[in-house]
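Try each task before reading its solution.

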Amino acid sequence: MTLLARNTPNDVYRRVELEARIGGSDPRQLVTLCYEQLIGALGSALHAAERGDNNKKSEALTRALSSVTSLQLGVSGSDDIAGALRHLYEATRKAVLDSVITFDARAIATMRQDYVDILRAMHGEATH
């Protein structure tokens, strides 16, 4: 079975859209894209957990890990901001991995909201 045959049309569309957005992005846009993907994946994991759909929950947590790994790989430098980002992303990674074993909806929801707030702040929007 090919990769495309295992994916739904929605999965394929999302992947094509993501690749198109990545292609023309500057570093700030790529960070925004990773945050959006992380927020969406965490939301999907919460929704799947509510429905009792362990396969979709697992897929969503895998996407969240992929997003946070991309964010981690993009941090450079040794200043305080880089250190804070490394700490944030490692804590996120640990929380997502912990939720693979024992799903903690409250922790995932809090983490998701934290990233929503960060993304809004990056774009100069009010957070609440």
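**Exercise 1. The overall fold**

Task: Work out how many helices and strands the protein has, and the pattern they follow along the sequence.

Solution: This is a predicted model, and its protein contains six helices and zero strands. Reading along the sequence therefore gives the pattern α-α-α-α-α-α. Now turn to burial: 25% of the 128 residues count as buried. Finally, look at the contacts with a separation of 6 or more: 58% of them are between residues 24 or more positions apart.

**Exercise 2. Two helices side by side**

Task: Describe how the axes of helix α3 and helix α5 are placed relative to each other.

Solution: Start by locating the two helices: α3 covers residues 27–51 and α5 covers residues 80–101. Their axes come within 13 Å and cross at roughly 25 degrees. Angles under 35 degrees count as roughly parallel, so α3 is roughly parallel to α5. As for handedness, the crossing in which α3 passes α5 is left-handed.

**Exercise 3. The contact between α3 and α5**

Task: Find which residues of α3 meet which residues of α5, then sort them into nonpolar, polar and charged.

Solution: On the α3 side, pick out Y35, L38 and L42. On the α5 side, they meet L85, L88, Y89, T92 and V96. Sorting the residues of this contact gives seven nonpolar, one polar and no charged.

**Exercise 4. The aromatic pairs**

Task: Find the two aromatic pairs in the structure and describe the geometry of each.

- Y35 sits in helix α3 and Y89 in helix α5, so the pair ties together parts that are 54 residues apart in sequence. Y35 and Y89 are both buried.
- Step two: Y35 and Y115 also form an edge-to-face pair, at 5.2 Å centre to centre and 80 degrees between the planes. Y115 belongs to helix α6 (residues 105–122) and Y35 to α3, so this pair ties together parts 80 residues apart in sequence. Y115 is buried, as is Y35.

Note on methods:
Residues numbered from 1 in each chain as written. Predicted model: local features only at pLDDT ≥ 70, side-chain atom pairs only at ≥ 80, totals over all residues. Heavy atoms only, no water. Axes fitted to C-alpha atoms, helices over the stretch in contact; angles between N-to-C directions. Helix = DSSP H or I, 4+ residues; strand = E, 2+ residues; numbered from the N terminus. Parallel < 35°, antiparallel > 145°, perpendicular 65-115°, else oblique. Left-handed = near helix turned anticlockwise from the far one by under 90°. Contact = heavy atoms within 4.5 Å. Nonpolar A, V, L, I, M, F, W, Y, C, P; charged D, E, K, R; others polar. Phe/Tyr/Trp six-rings, centres within 6.5 Å; stacked < 30°, edge-to-face > 60°. Buried < 20%, exposed > 50% of the residue type's maximum accessible area, 1.4 Å probe, protein only.
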